Amino acid sequence: EAMAHVAKARPDAHFLLVGAGPHADRVRERATSLGIVDRLRMPGTTKDVAVPLSLMDVFVLTSFGEGTPNVLIEAGLLGVPIVATDAGGTRETFDHGRTGWLVEIPDATIIAERVLYVLGNPEWAKQAAILAPEFVRERFGLERMIKETLAVYGH
C-alpha cells in the first residue's frame, strides 16, 4: 500500500524488494492489484547486500517484529536514508530525523509520506548520506564494542 501511494505521487519511482519468503507470490499479486507490478523488481536473495542497497535512494523496512535489523546498519553505512517502522531494536540503528525516519504507527500513508519526504528533499538526503555512516561507526563500530566490553570488566 505504501508503494502505491509513492507510485501515485512519483511516476519516476521504482521499487526493489530484495529477499525471499513464503509471501512473494502474494506480494506480486497485491502489486498487480494496486497497478504497480511493472515498477516492482523482486530479484530474490543476494550474497552481497551492498549491491542492491547502493541502488536505492531510500531504504524502507516495514517490520512488525525485529531484533536489531542488521540491514538498517548496512544501509546506514552505505549512506542510504532509511524509513522504518518502530519494531524491536529498529530505532537504535539510525538517527531519527537526521539519517532516516522512524514511523511509530505502521500506516501505509505515513510510511509513504516519509519516503516522499526523502525523495523530495535532495539536500536532506545528501546530508543524511554523510551523517549515516558516521552514526553507524559511532554506534556499532569495533572501537566502541571493545571500549564497552572492557568497561564491563573494569578495565
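Predicted model: local features only at pLDDT ≥ 70, side-chain atom pairs only at ≥ 80, totals over all residues.
1. Secondary structure. The protein contains seven helices and five strands. Along the sequence these elements are arranged as α-β-α-β-α-β-α-β-β-α-α-α. The radius of gyration is 17 Å, close to the 15 Å given by the globule rule for 155 residues, so the protein is as compact as a globular protein of that length.

2. Dimensions and contacts. The C-alpha trace spans about 60 × 35 × 30 Å along its principal axes. Among contacts with a separation of 6 or more, 54% are accounted for by residues 24 or more positions apart.

3. Burial and surface. Of the 155 residues in the protein, 34% are buried.

4. Charge. The protein carries 16 positive and 20 negative side chains. The centres of these two sets lie 2 Å apart.

5. Largest nonpolar core. This core has 19 residues, of which Val6, Phe15, Val83, Ile111, Val115, Val118 and Trp124 touch the most other members. Two or more residues each come from α1 (2-9), β5 (100-103), α5 (108-120) and α6 (122-140). The most is given by α5, with four residues.

6. Second core. A separate core of eleven residues is also present, and its members include Leu53, Phe59, Val80 and Leu102.

7. Surroundings of Trp124. With neighbours within four places in sequence left aside, Trp124 is in contact with Pro81, Gly97, Arg98, Thr99, Gly100, Trp101, Tyr117 and Val118. Of these partners, Val118 is, like Trp124, among the residues that touch the most other members of the largest nonpolar core.

Conventions. Residues numbered from 1 in each chain as written. Heavy atoms only, no water. Rg over C-alpha atoms; globule rule 2.2 N^0.38 Å. Buried < 20%, exposed > 50% of the residue type's maximum accessible area, 1.4 Å probe, protein only. Contact = heavy atoms within 4.5 Å. Lys, Arg positive; Asp, Glu negative; His and termini not counted. Charge placed at Lys NZ, Arg CZ, Asp CG, Glu CD. Core = buried A, V, L, I, M, F, W, Y, C linked by side-chain atoms within 4.5 Å.
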